[in-house]
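Have the model open in your viewer for this one. We'll walk through a few loop residues and then some helix pairs.

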Amino acid sequence: MPEKLRNIIEDIARDFLNSSLTLRYDICTCNQCRNDMLAHILSHVPAKYVTTEEGALHTIMQQTRVEHQAEIARAILQAVDIIGSNPRHKLKENRAETFRLLLEKIHEDRNIDFRHYHQDLLRRRVAVRIRALGLPSYSEYLRTLISSPGEYDRLFEVLCINVSEFFRDPEVWVKVRKLFETAIRNKKAGHEKSIRVWSAGCANGEEPHTIAILLREILGAELSGFTVEIIGTDVDKKAMETARAGEYEKNSLKNMDKALADKYCPCKAGVCKVDDRIKNMITIKYLDLTTNDLVTDCDFVFCRNVFIYFDRGLQEQILMKFYNGLKPGGHLIMGKSETLIREATTIFDAVDAENRIYRKKTE
Ligand SMILES: C[S@@+](CC[C@H](N)C(=O)[O-])C[C@H]1O[C@@H](n2cnc3c(N)ncnc32)[C@H](O)[C@@H]1O
């Protein structure tokens with residue numbers, strides 16, 4: 001009987017389509033457009049009718065899903081491209097414009113300029129909040145930010161991905177240790193007794209703490225005769241509080257030598273507390289890299305896994321900032337997936353390209 005038959009391709013396609021649309025805040029995804037997309041998909045994938053009383057319906061669905069997933073995925077891509085970018089109706093929201101307004105609002109209210117961040121990455125992150133609140137559009141989200149400013153905290157949590165760990169990419173720190181040793185040896189030879197390090201985008205503070213541990217280990221008893229300044233900066237105030245508190249889960253110490261971890265970050269009941277001797281070597285400050293602010297006179301600048309957010313124009317600007325923040329011959333250490341671009345390749349020498357360690361040219 002026809003009413004007992006069901007096209008399971010339709011169920012599967014609707015399911016796939018809904019999951020692929022959850023991330024698409026750049027096109028119209030209203031019900032009408034969704035239905036148009038589904039109709040497009042169904043006209044490109046053969047129907048498969050089964051009776052709704054079929055005992056093995058679940059298994060048949062699973063098999064059909066596997067058999068047709070490539071075909072359905074292709075049809076979804078086409079449908080999203082054709083219908084998403086040319087909806088039948090007039091667009092209710094100019095998404096690009098509302099998104100621009102949203103970024104302007106954030107800039108105005110919180111003084112963080114996300115306009116030159118990678119827009120696709122930002123859209124995906126904002127989409128996480130929009131979905132969590134069950135809102136239909138950027139404009140609704142903009143209204144929510146106005147009526148409930150507390151939402152900013154949650155938005156920044158998803159925008160500022162502040163994952164880090166002590167001795168992240170351990171092989172880099174083996175090289176950094178050698179550079180620290182050389183720098184201190186040279187300073188001692190020149191009767192200079194200070195070292196200044198900037199950790200830009202320091203998140204929860206694992207990076208500046210790692211730097212402090214290394215310098216303390218290298219200097220040993222001579223530390224008291226040396227001025228060591230380690231300045232960790234970020235825009236995420238919650239992460240900065242964690243950095244100041246210096247309390248971490250055991251997992252963030254997983255790259256650390258056990259003896260070193262026990263010496264400087266002993267763990268009790270799963271909480272590892274950084275020793276005051278290390279904490280006191282660090283200052284955590286708010287500094288937005290997209291502004292003109294910088295830390296000057298640095299021997300070392302660490303800016304790792306922060307550039308992913310920025311477009312090339314902003315990256316170039318920030319690289320110039322680091323150039324200006326470093327003393328001649330000072331070192332810049334970037335993240336393993338980041339690299340110097342454009343003009344910056346001519347003003348820094350690669351000391352260790354694989355580990356993204358560069359030296360400011362002395363002219
Ligand atoms: C993934 S964490 C990197 C932490 C650490 N450097 C590391 O490599 O483990 C990226 C950090 O960059 C920060 N960030 C993003 N935009 C920034 C900006 N405009 N100025 C300063 N920090 C920023 C985020 O808040 C986040 O804490």
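H191 sits in the loop between α8 and β3 (194-200). This is a predicted model, and in it H191 has a positive phi of about 55° although it is not a glycine. Most residues other than glycine have a negative phi. Is H191 buried or exposed? It has 6 other C-beta atoms within 10 Å, and 12 or fewer counts as exposed, so H191 is exposed.

Now look at the other end of α8. F167 lies in the loop between α7 (151-159) and α8. F167 also isn't a glycine, and its phi is positive too, at about 50°.

What does α8 pack against? Helix α8 (residues 170-189) packs with helix α9 (residues 206-219) at an angle of about 50°, and their axes are 10 Å apart. That angle makes α8 oblique to α9, and the crossing is right-handed. On the α8 side, the contact is made by W173, V176, R177, F180, E181 and I184, while α9 brings T210, L214, L215, I218 and L219. Sorted by class, the residues of this contact are 8 nonpolar, 1 polar and 2 charged.

Stay with α9 for a moment. Its 14 residues should span 20 Å at 1.5 Å a residue, and its end C-alpha atoms are 20 Å apart, so the two agree. Several α9 residues are buried, including E206, E207, P208 and H209. T210 and L215 are also buried, and both of them take part in the contact with α8. After α9 comes G220, with a positive phi near 50°.

Helix α1 (residues 8-21) and helix α2 (residues 31-42) cross at roughly 130°, with axes that come within 10 Å. That makes α1 oblique to α2, and α1 passes α2 in a right-handed crossing. From α1, the residues I9, E10, A13, R14, L17 and L21 meet R34, M37, L38, I41 and L42 in α2. This contact has 8 nonpolar, no polar and 3 charged residues.

The loop between α1 and α2 holds T29. With 22 C-beta neighbours inside 10 Å, T29 counts as buried.

α1 has another partner, helix α3 (residues 57-85), and the two pack at an angle of about 55° with their axes 9 Å apart. That makes α1 oblique to α3, and this crossing is right-handed. The α1 side of the contact is I8, I9, I12, A13, F16, L17 and S20, and the α3 side includes I60, M61, T64, R65 and H68. By class, the contact has 12 nonpolar, 3 polar and 1 charged residues.

Here are the helix pairs side by side.

| Helix pair | Angle between axes | Distance between axes |
|---|---|---|
| α8 and α9 | about 50° | 10 Å |
| α1 and α2 | roughly 130° | within 10 Å |
| α1 and α3 | about 55° | 9 Å |

Key
Residues are numbered from 1 along each chain as its sequence is written. This is a predicted model: local features need pLDDT of at least 70, side-chain atom pairs count only at pLDDT 80 or more; totals for chains, interfaces and linings use all residues. Axes are lines fitted to C-alpha atoms, for helices over the stretch in contact, and angles run from 0 to 180 degrees between N-to-C directions. Helices (H or I, at least four residues) and strands (E, at least two) are DSSP runs, numbered from the N terminus. Angles under 35 degrees count as roughly parallel, over 145 as roughly antiparallel, 65 to 115 as roughly perpendicular and the rest as oblique. A crossing is left-handed if the near helix is turned anticlockwise from the far one by less than a right angle, and right-handed if clockwise. Two residues are in contact if their C-beta atoms, placed from the backbone, lie within 7 Å. Ala, Val, Leu, Ile, Met, Phe, Trp, Tyr, Cys and Pro count as nonpolar, Asp, Glu, Lys and Arg as charged, and the others, Gly among them, as polar. A residue is buried if 20 or more other C-beta atoms lie within 10 Å of its own, exposed if 12 or fewer, and partly exposed in between; C-beta atoms are placed from the backbone. The expected span of a helix is 1.5 Å times one less than its number of residues.
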